[in-house]
Amino acid sequence: MSETLKQRLAAGEALVGTFVKTPSPIIVEVLALTELHCLCLDAEHAPFDRLAIDQCVMAARAGGIDVLVRIPAVTPEHVLNALDCGATGVVAPHIRSAEEARALVAMAQYGHGGRGYAGSSRAAGYTTRPMAAHLAASAARTVVVAQIEDPEAVEAIDDIAAVSGLDALFVGRVDLTVAYGADSQDDPRVVAAVEAICAAGRRHGVPVGMFLARPADIPHWRAQGATFFLLGSDHGFILSGAAALTTAARG
């Protein structure tokens with residue numbers, strides 16, 4: 001039995017995925033043919049409704065690639081929607097405190113006050129899987145990622161990283177740049193914040209992931225302890241591919 005994404009994250013394996021901005025199962029189907037480790041549907045910043053998430057998750061599962069959903073807001077209905085559709089896990093934006101992190105974990109897990117159960121969902125096998133088996137499989141598989149992208153989150157990073165049930169911290173470097181009033185992601189305040197998040201991950205044994213505008217920066221952040229990278233997007237691939245094509249055509 002192959003290792004789950006949850007296990008690979010916990011083992012510190014170097015993992016690379018990309019964001020999907022187009023709510024199309026065909027895009028997901030195509031990307032599933034690549035060597036990427038996972039995809040992340042960006043329901044926070046792209047027009048993914050419930051049906052689009054459902055169809056894209058179905059395509060990812062058919063293609064054998066793990067798929068996360070970056071939810072638009074950290075609420076029980078958004079977490080439930082993504083997980084009932086069969087997503088591997090969720091990336092939750094703007095987690096600012098340990099209290100918010102604990103609430104996120106509860107939303108993603110079955111149990112008192114947590115995720116609601118329905119045996120009719122794709123995740124539960126459309127009523128074909130016994131409840132106990134589904135609960136166990138979900139606990140073993142579901143990935144919960146807290147996105148750290150606010151100064152107050154950086155200040156509380158040790159408390160957040162200590163929350164049980166988080167599978168990774170994910171650095172929202174662009175939002176940190178905006179929040180600090182900086183003009184560049186290389187601003188010393190932003191770099192120091194990213195370093196602080198990585199250090200907290202090391203102290204508490206929590207994997208750290210991030211988006212990087214420059215893939216060449218991966219070795220630097222790997223040395224800081226980051227292991228999980230979501231790079232580029234389908235939009236970026238289209239634009240860069242078109243640019244390369246026109247450049248080649250012009251000779």
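This is a predicted model: local features need pLDDT of at least 70, side-chain atom pairs count only at pLDDT 80 or more; totals for chains, interfaces and linings use all residues.

Q: How many helices and strands make up the secondary structure of the chain?

A: The chain holds twelve helices and eight strands. Its radius of gyration is 18 Å, close to the 18 Å that the globule rule gives for 251 residues, so the chain is as compact as a globular protein of that length. The C-alpha trace spans about 55 × 50 × 35 Å along its principal axes.

Q: What share of the residues in the chain is buried?

A: A residue is called buried when its relative accessible area is under 20%. Of the 251 residues in the chain, 48% are buried. As for the surface, the accessible area of the chain is about 11500 Å², and carbon and sulfur atoms account for 58% of that area.

Q: How far apart are the mean positions of the positive and negative charges of the chain?

A: The chain has 19 positive and 27 negative charges, and their mean positions lie 5 Å apart.

Q: Where is His-94 found, and where is the place of Tyr-126?

A: His-94 is in the loop between strand S4 (89-92) and helix H5 (98-108). Tyr-126 is in the loop that lies between H5 and helix H6 (131-141).

Q: Do tell me how their accessibility is to be read.

A: Partly exposed covers the range between the buried limit of 20% and the exposed limit of 50%. His-94 has a relative accessibility of 24% and therefore counts as partly exposed. Tyr-126, at 47%, likewise counts as partly exposed.

Q: Is Ser-138 buried or exposed?

A: Ser-138 has a relative accessibility of 9%, so it counts as buried. This residue lies in helix H6.

Q: Which residues is Ser-138 in contact with, leaving aside its neighbours within four places in sequence?

A: With those neighbours left aside, Ser-138 is in contact with Tyr-110 and Arg-115.

How values were computed
Residues are numbered from 1 along each chain as its sequence is written. Side-chain values use heavy atoms; hydrogens and water are left out. Helices (H or I, at least four residues) and strands (E, at least two) are DSSP runs, numbered from the N terminus. The radius of gyration is taken over C-alpha atoms; the globule rule is 2.2 Å times the number of residues to the power 0.38. Buried means under 20% relative accessible area, exposed over 50%, partly exposed in between (1.4 Å probe, protein chains only). Accessible areas come from the Shrake-Rupley method with a 1.4 Å probe; for residues, only the protein chains shown count as cover. Lys and Arg count as positive and Asp and Glu as negative; His and the chain ends are not counted. The place of a charge is taken as NZ of Lys, CZ of Arg, CG of Asp or CD of Glu. Contact means heavy atoms within 4.5 Å.
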